[in-house]
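I opened my notebook to look through this model one stop at a time. Here is what I looked up, in the order I went.

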Amino acid sequence: MADLSESDKKELLKLARASIENHLAGRRNAAPVFGEKRGVFVTLHRQGELRGCIGYPLPFKPLAEAVAEMAVAAAVDDPRFPAVSAGEMAEIDIEISVLTVPEKVESHDRVRVGRDGIIISRGPQRGLLLPQVPVEQGWNLEQYVSYGCRKAGLAPDEWKRGVQIETFQAVVFGEKEHREGA
């Protein structure tokens, strides 16, 4: 997935930040044209700690629209956290994950830690983990699929009894790396 240039990544990060700031200030967004429909997650960190993460796993909307919408949702709609305040924005680092379309795999041993994100499901229960999560947490494959099961509201070892597993890859980039690399 090398189809996003460095300037595309920087523009999407600016869009995500502007979308949150405009929302918090009560202004409407003006999005540049990134017309291809893509799945996307926007993750917010404050002082290295998770502050919000929401996204679309499937390509519902054009990339720019999805990034703008999910940036605001990560800031104000993640039920795990109170809404981000305008005063916090100077301390927020934004990370964007642009996803490939998920594909079913036959078993957990087809999942590659560090490359694949996972969606674990059984019936209406679904749990998604982005590919960077097991690397950040230092998980091995069994821990990764176990946490995927937990995220779906299933027993941690439910994958041993049969669940649907889908994998996807992501281009992951953030403001922090672009500030450090600039």
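Predicted model: local features only at pLDDT ≥ 70, side-chain atom pairs only at ≥ 80, totals over all residues.

**Entry 1: a loop residue.** With those terms, I found Q47 in the loop between strand 1 and strand 2. Its phi is near 50°, a positive value in a residue other than glycine. Is Q47 buried or exposed? Exposed means over 50% relative accessible area, and Q47 has 65%, so it counts as exposed.

Entry 2: Next I traced an open sheet of four strands, in the order 2-1-3-8, with antiparallel pairing. Strand 2 and strand 8 are its edges, and each pairs on one side only. From one strand to the next, the twist averages 15°. I then looked at strand 1 and strand 2, which pair in the antiparallel sense over seven bridges. Helix 1 (residues 6-24) lies across strand 1, strand 3 (92-99) and strand 8. Against strand 3, helix 1 runs at about 125°.

Entry 3: I found another open sheet of four strands, with the order 4-7-5-6 and antiparallel pairing. Which strands are its edge strands? They are strand 4 (103-105) and strand 6 (125-129), and each pairs on one side only. Here the twist averages 25° from one strand to the next. Strand 5 (residues 117-122) and strand 6 run antiparallel and are joined by five bridges. I checked I120 too: its bridge partner in strand 6 is G127.

**Entry 4: helix 4.** Helix 4 (residues 141-151) packs on this second sheet, touching strand 5 and strand 6. Its direction makes about 135° with that of strand 6. Which residues of helix 4 are buried? I listed Y144, V145, S146, G148 and C149. The buried residues of helix 4 pack against strand 5, strand 6 and helix 3 (132-137). At the start of helix 4, a side-chain oxygen of N140 reaches to within 3.1 Å of the backbone nitrogen of E142. Just after helix 4, G153 takes a positive phi of about 80°.

**Entry 5: the largest pocket.** How much space lies in the largest pocket? I noted about 530 Å³. Its lining has 20 residues, and L50, R80, L129, V133 and K151 lie nearest its centre. The elements that give two or more residues to this lining are strand 1 (39-46), strand 2 (49-56), strand 6, helix 3 and helix 4.

Entry 6: I finished at Q169, in the loop between strand 7 (164-168) and strand 8 (170-174). Q169 has a relative accessible area of 29%, so it is partly exposed. Its side chain makes a polar contact of 2.6 Å with that of D116.

Note on methods: Residues numbered from 1 in each chain as written. Heavy atoms only, no water. Pairing = 2+ DSSP bridges. Axes fitted to C-alpha atoms, helices over the stretch in contact; angles between N-to-C directions. Contact = heavy atoms within 4.5 Å. Buried < 20%, exposed > 50% of the residue type's maximum accessible area, 1.4 Å probe, protein only. Polar contact = N/O pair within 3.5 Å; in protein donor to acceptor, adjacent residues only side chain to side chain. 1 Å grid on protein atoms, 1.4 Å probe; cavity = no way out; pocket = protein on both sides within 12 Å on 5 of 7 lines; lining within 4 Å. Points joined across faces, edges and corners; volume = space filled by probe spheres on them.
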